[in-house]
Amino acid sequence: MSEPPVSRWFFPIIGAIVLGLAAVSLILSYLGLGWWAVPVAIGIASVQAILVGWFSMELFESRFSVRMLAIIAPLFVILLTVLATADLASRAPEPMQVPPPIRAGFPGGPPQLTGDAPGPEADGAGRSPSAD
Amino acid sequence: MKKRRGNPDIEPGAPSTFGAVATGTEGDRAAGPGRGAELADLREVAVHAKPYYADETTIWSWLSTTDHKRIGIIFFVMTSVALLIGGVLAMVLRLEHLTPDPTVMSAATYNQVFTLHGVIMVWFFLIPSIPAAFGNFFVPIMLGAQDVAFPRLNLATVYFYLVGLIVTVVGLVAGGADTGWTFYPPYSSQTFTTLVPILIGVFILGWSTILTGINLIVTIHTLRAKGMKLMQMPLFVWAMYGVSVIQVVATPVLGMVLLIISLDHGLDWGFFDPARGGDLILFQHLFWFYSHPAVYIMILPAMGVISEVVLALSHKNPLSYKAIAYSTFGIAFAGFLTWGHHMFVSGMSTFDAGVFGVLSMFVGIFSAIKVFTWVGSMYKGSISLRTPLVYVFAFLFLFVFGGMTGIAVAATSLDVHWHDTYFIVAHFHFIMVGASLTAWFAAIHYWWPKMTGRMYSEAWGIAASILVFLGFIATFFPQFLLGNGGMPRRYYYYPDHFQALHVMSTAGTWVLALGMTIALIYLIFSLFYGARAPMNPWGARTLEWAVPSPPTRHNFEVTPLIEQDPYDYSNPLREVRPNPLYDPELERHRSTERSP
Amino acid sequence: MYTPRVQPFFEDLEKQRHAAKLGMWIFLGSELLFFAGLFAIYAFYRTLYPETFQLGVDHNSKLLGSINTALLILGSTMVASAVNFLRLGQRRIATWLVAATAASGVLYIAIKSTEYGMHFSHGIYPGGVGHFFAENPDPGFPVFFTTYFALTGLHVIHVAIGVALLGWKAWWIRRDRVDPTGAYRLGIVALYWHFVDMIWLFLWPMFYLLGTQR
């Protein structure tokens, strides 16, 4: 802000690039990218954000203290998002999501499973209460 | 020598107490030949400069002040009132626990009382107590500046705090929440008590916190006196810097959490309602992402005060300035990585529990570095055992114990047994009361002469500090034993065999309250009858001791020259000279035409 | 002509400008963290209900969302140019650009309101209320749309605040006949507008692009 002004075409060019990236993102959203869809879209958005931040928000002519801030704040957002989502992703399956085995046979004896209901030995992590 | 009028501190013939000369008798270099005439002119200005509280004395001048010192005093008074309210709630809580059965209130009221105790103490006392009061007052002076970067914003923070407090108290009176200060859903979405005013009150207060943080960070970056590099700032300023970073980063997340709970409770938006796809643990992630750094907001300023008092009253350079400065930021950043340790038993994955358990231990490293550095700084120092230092010793003892129990509960396998028992209550009270509150008392007693221009009674000071320390131990040490024995927290009824410890704890609160009341009395007494304070009663080296007690409206009429490190006790006290890069005529011109 | 005055406690105007800029950046950092909680909620629930979130995204109007994106990018460009023109001393162009940016914000709000209206007419209200949720009982839909309303609602409130600030600045440049040294004051409001734009650049893929067409 205190530095000398730049050419009158500077910001329109930056804006055109950001708009172009938006168009790319829009087109890509019609192609089936599968698992890559999220990283690509967020990646393009990040590039756009960096362009806006570096040029339009004048980080290119700012002091180090301002730039450091612009780097650190998003890192905290990432920290919160990643660790919270990691919790979800790393939880063991809830016990009752595995349907309890359907029993036949005498009480106290080994469960005799009917049909194709899974028993306690079927999978490692999800244990349904076997003794009741 | 001209006869001096106006300032009763100065005896005729004594060197001016105005910002150019310290009270040391061994002045180093005498002012050069040309300087004598300029200094004499500046002293003339000093004679007519009044203390900051006498600059204008109308009520409106206080309500609309942009003077950071007045704002600091206003915050000091407001946070003291909050302490009083929260403290009374605590004493009432402990009264209830005198017997295992209903004693003085119903179970529903009990829930409301511990919720409000937590809300008021955390947000309206502990978080602003040192930064908003002492930070606002002293950071500009310590940097050689005349005010903070945004004085009107500073005034706004006062009103945000006040409005937030009023709205919260309205909520209290209207029935008060009973969810605990942690507002966990699903109960917080469903409780019939009036939660929303309290959420709004804290949200408004959050603005005060964030804006104070912005103000302090910008002040530190842009208003340091010429020649003062970042590594030459006093350690208290480093602590304020660290705490401001945490405030700015963490408080907005709290704001979001409060907003979401308001929407859930008030409009039934069901963010965390399992029937509508929600997950309750997610709330806890968001809440503790703020609230764990919040506890570092409460302790970092306390550590900053301890740094100042230790060095001033040992009259010694710090063992390692950089160790303390870097540890401050170490704690600030490491504190953000540890929030999951509040959720070990809530249903979080064991992977995350392991990660957070390990990360939580790292904070202890930085705290330990600080403790060792302080103790090492005292070694072979010239120690004056005055009231602030007594509080510092109490801090060191209680902080180490509280901190070590923190490391203990960071181990998931141990926390499984201690979680939600009185062990945790004792742990965090050891830090919040034993460390933070104690450091707040140390700050009051260290800076009282500078802020008010009066000295308090040293004998009563030490007596009260001993009572506070003993009362604290009597209150909270039994709680470790209670928790270890299995007494849960926030429970209204308890088994009979816990009663002895509960009674001991309650009696402790009375001793603690007595000590604090005595302190209040002699401090107020000193305002009217205390001896006038000299400029530098402790013989300290930081810049606030080179301005009059109390300071004038603009702190420094002339920008000081920064010639030495802030804690250069290896040299005798020397004169703080005006910066020759600043034209005294221009300074005086600027000082007389102030913008409002 | 308006020339900003140096406050006595600042060394010079340069320091004062840097202080204002730093202060606004820190405030924007705190605003980013304010949105962060909702971003985390989105990421969390998307991991929990991946297909449902895609279906929910399909339900939003890609056309309206993309128009909004274009409006905000255009506005960002215009306001940055306005600061530049003010530094060049060309006040009239600067004033018009700022006013145009404010207008783009108003248009954005109008389109957003239309979208909300469309959701309401389909029986989608925040909190999982409405006949849409009765017809589509998958538990992921309520959290998706509640998160959608919360994030975009919070964003549109920020846009409204930005529009008000820009309108005020446009009027200020004209009334006070601001000279180039005062451009930094417009720059601070421009920073806020760029921030609002940046948040939307992430909201747009999250709620309009990442659907099942991929």
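**Exercise 1.** In this predicted model, consider helix H10 (residues 321–334) of chain B and helix H11 (residues 350–378) of chain B, whose axes come within 9 Å, and work out how the two helices are oriented and what kind of residues join them.

*Solution.* Begin with the angle: the axes of H10(B) and H11(B) cross at roughly 155°. Angles over 145 degrees count as roughly antiparallel, and therefore H10(B) is roughly antiparallel to H11(B). The next step is the hand of the crossing, which is left-handed for H10(B) and H11(B). Then look at the residues that make the contact, which on H10(B) include B:Ala323, B:Ile324 and B:Gly330, while those on H11(B) include B:Phe362, B:Phe366 and B:Lys370. Sorted by class, the contact of H10(B) with H11(B) has eight nonpolar, four polar and one charged residues.

**Exercise 2.** Describe the sides of chain A that touch chain C and chain B.

*Solution.* Take chain C to begin with: 44 residues of chain A are in contact with 43 residues of chain C. On this side of chain A, H3(A) gives the most, with 14 residues, and the classes are 30 nonpolar, 12 polar and two charged residues. For chain B, 10 residues of chain A are in contact with 11 residues of chain B, and this side of chain A has six nonpolar, two polar and two charged residues.

Definitions and conventions:
Residues are numbered from 1 along each chain as its sequence is written. Chains are lettered from A and ligands numbered from 1 in the order in which they are written. This is a predicted model: local features need pLDDT of at least 70, side-chain atom pairs count only at pLDDT 80 or more; totals for chains, interfaces and linings use all residues. Two residues are in contact if their C-beta atoms, placed from the backbone, lie within 7 Å. Helices (H or I, at least four residues) and strands (E, at least two) are DSSP runs, numbered from the N terminus. Ala, Val, Leu, Ile, Met, Phe, Trp, Tyr, Cys and Pro count as nonpolar, Asp, Glu, Lys and Arg as charged, and the others, Gly among them, as polar. Axes are lines fitted to C-alpha atoms, for helices over the stretch in contact, and angles run from 0 to 180 degrees between N-to-C directions. Angles under 35 degrees count as roughly parallel, over 145 as roughly antiparallel, 65 to 115 as roughly perpendicular and the rest as oblique. A crossing is left-handed if the near helix is turned anticlockwise from the far one by less than a right angle, and right-handed if clockwise.
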